[in-house]
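Visitor: I am new to this structure and would like a close look at a single part of it. Please take me through that part step by step, and then show me what lies around it.

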Amino acid sequence: MSSQSLTLPAPVPTGVEGLDVILDGGLTPHRLYLIEGVPGSGKTTMALQFLRSGAAAGERVLYVTLSETERELREVAHAHGWSLDGIAIHELFPVGDQLDPESQYTMFHPSEVELAETTRRVLDEVERLQPDRVVFDSLAELRLLAGSMLRFRRQVLALKQYFSGKGTTVLMLDESSASDQGLHVHTIVHGAIQLDHLMPDFGGDRRRLRISKMRGRAFRSGYHDYKIETGGVRVYPRLIAAHYRRSGRNDPVASELAELDLLLGGGLDRGTSTLLIGAAGAGKSSLASHFVRSAAARGERSAMFLFDESQRALVTRSRGIGFDIEACVAEGTVDVQSIDPAELSPGEFIHRIRNAVEVEGAKLVVLDSLNGFLNAMAEEHHVLIQLHELLSYLAQLDITTILIASQAGLIGHMQTSLDVSYLADTVVLLRYFESRGEVKQAISVLKKRTGPHERTIREMRITSNGLDIGEPLRNFRGVLTGVPQEVDSHEADPMTPRAPLAPGVAG
């Protein structure tokens with residue numbers, strides 16, 4: 001048969017939300033697959049979802065169990081609100097009365113008799129039902145019955161050839177085992193899905209999966225977070241920004257505050273990320289709320305993800321600057337989500353952002369704060385790479401992103417626990433400074449990749465009617481140190497011409 005005459009059949013949906021995205025549509029039909037993981041990682045739940053998907057499509061499906069009873073399987077289904085109607089369940093234990101001493105084998109090794117009997121009962125049930133999908137739970141029991149790895153490998157290979165001839169798609173469940181045992185199965189099956197169960201030092205357990213093998217079908221490699229919830233397993237595919245590349249322009253969006261737009265060189269540009277950085281209480285969140293307010297006035301939707309403050313605190317603060325954010329939430333122009341970092345995996349958090357952008361149509365995304373996000377992912381490796389991927393994805397979709405980061409300290413030397421300024425397209429610095437017995441706030445733009453910006457430092461006041469950006473602080477020197485010095489008009493503006501000196505007076 002020539003390679004041109006070979007075409008891949010339509011994939012078989014797994015029934016697991018998000019998994020088909022990783023598998024580029026699903027599993028290749030009439031093949032043998034392995035799902036392996038520690039107890040409690042969701043193997044049985046995924047297997048039942050696979051069979052329910054087939055039953056819903058009118059296929060004949062069979063669950064062969066050596067480790068769980070039918071009652072236990074139905075209890076699992078009931079916990080998820082499922083019905084197992086249309087799924088045939090075949091229990092393969094016990095073979096005779098295992099606890100009766102007279103039933104113990106004397107002439108043959110138990111593995112020889114029990115393995116042959118177990119295989120015969122499986123094949124009899126398959127011949128009777130002629131299923132399109134089969135789940136075999138579990139290989140750990142079959143391995144014990146085989147007694148040796150050679151007999152076990154031969155048995156799995158025989159089952160693969162048998163089911164292939166029947167045109168059946170088979171899932172085999174197995175416990176995570178040592179590599180010397182697991183590789184015997186990996187070399188036989190068409191594809192393997194590995195489930196990991198992570199236990200961080202604080203917070204809820206986290207789970208992730210990886211496609212370790214998939215013959216003849218493209219798939220999304222790497223680790224993908226997943227969650228077991230009421231209704232089954234839900235997988236959050238790893239975000240790959242390159243899949244969303246598109247051409248676009250970084251059009252500026254005015255903030256409806258003339259002085260702020262002057263600082264920003266026309267406003268925030270679409271498809272860019274802006275970092276608001278400064279001490280606690282310097283006005284970062286209020287400035288972000290102003291941009292949300294401007295977007296709502298334009299009829300655009302915004303999504304705010306709060307790590308550090310509650311939604312109630314946001315409402316109170318917004319009300320204090322004359323922004324009725326509750327009304328915007330009610331009418332659907334603002335979506336506010338409080339994030340519990342102890343219970344949320346990176347994959348689920350990114351899924352929430354994607355849902356806000358792709359489904360809800362948000363044009364502005366606010367992360368308040370970046371410190372909370374980074375602390376939530378403290379045990380995750382390569383967190384900066386994940387953040388870079390997220391910002392690249394949002395940029396490709398022309399989303400304006402605002403990141404808020406707090407610095408340690410109030411006045412003087414300021415420190416940031418993790419420097420992420422290089423990731424942002426625009427960096428806005430907010431600082432406290434002392435002037436004539438008052439603590440005031442200053443705002444300046446340190447960087448803007450997409451165009452020119454004003455390089456002055458302006459005073460920012462937070463009033464009951466919103467933000468007020470003042471004129472450039474030209475009569476001060478050292479505002480960013482927190483304790484500036486007042487200078488005369490010539491020092492403040494060196495372009496101002498001086499009065500001519502009197503004759504004979506040295507300059």
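What covers the buried residues of α10?

Guide: This is a predicted model, and the answer should be read with that in mind. The cover over the buried residues of α10 includes α9 (284–297), β13 (301–306), α11 (325–331) and β14 (334–338). Helix α10 itself spans residues 311–320, and its buried residues are Leu314, Val315, Arg317 and Ser318. An α-helix has 3.6 residues a turn, so residues three or four places apart point the same way. Following α10 comes Gly322, which has a positive phi, near 80 degrees.

Two of the covering elements are strands, β13 and β14. They pair with each other in the parallel sense, over 5 bridges. Within this pairing, Ser302 stands opposite Val334 in β14.

Both strands belong to an open sheet of 9 strands, ordered β14-β13-β15-β16-β12-β17-β18-β19-β20, and its pairing is mixed. The edges are taken by β14 and β20 (466–472); each has a single partner strand, so one side of each is left without a neighbour in the sheet. From one strand to the next, the twist averages 25 degrees.

The model also holds another open sheet, with 9 strands in the order β3-β2-β4-β5-β1-β6-β7-β8-β9 and mixed pairing. Its edge strands are β3 (87–91) and β9 (232–236), each of which pairs on one side only. Here the twist from one strand to the next averages 25 degrees.

Inside that sheet, β1 (residues 32–37) runs parallel to β5 (residues 169–175), and 6 bridges join them. Glu36 has Asp174 in β5 as its bridge partner. Helix α3 (residues 70–79) packs on the sheet and touches β2 and β3, its direction making about 145 degrees with that of β3. Helix α2 (residues 43–56) lies across β1, β2 (61–65), β3, β4 (133–137), β5, β6 (191–198) and β9, and runs at about 165 degrees to β4.

Arg208 stands opposite Asp225 in β8. The pairing of β8 with β9 is antiparallel too, over 5 bridges, and Lys227 has Arg234 in β9 as its bridge partner. These two strands, β8 and β9, form a hairpin with 2 residues between them, and Gly231 in the turn has a positive phi of about 115 degrees.

Methods: Residues are numbered from 1 along each chain as its sequence is written. This is a predicted model: local features need pLDDT of at least 70, side-chain atom pairs count only at pLDDT 80 or more; totals for chains, interfaces and linings use all residues. Side-chain values use heavy atoms; hydrogens and water are left out. Two strands pair if DSSP finds at least two bridges between them. Helices (H or I, at least four residues) and strands (E, at least two) are DSSP runs, numbered from the N terminus. Axes are lines fitted to C-alpha atoms, for helices over the stretch in contact, and angles run from 0 to 180 degrees between N-to-C directions. Contact means heavy atoms within 4.5 Å. Buried means under 20% relative accessible area, exposed over 50%, partly exposed in between (1.4 Å probe, protein chains only).
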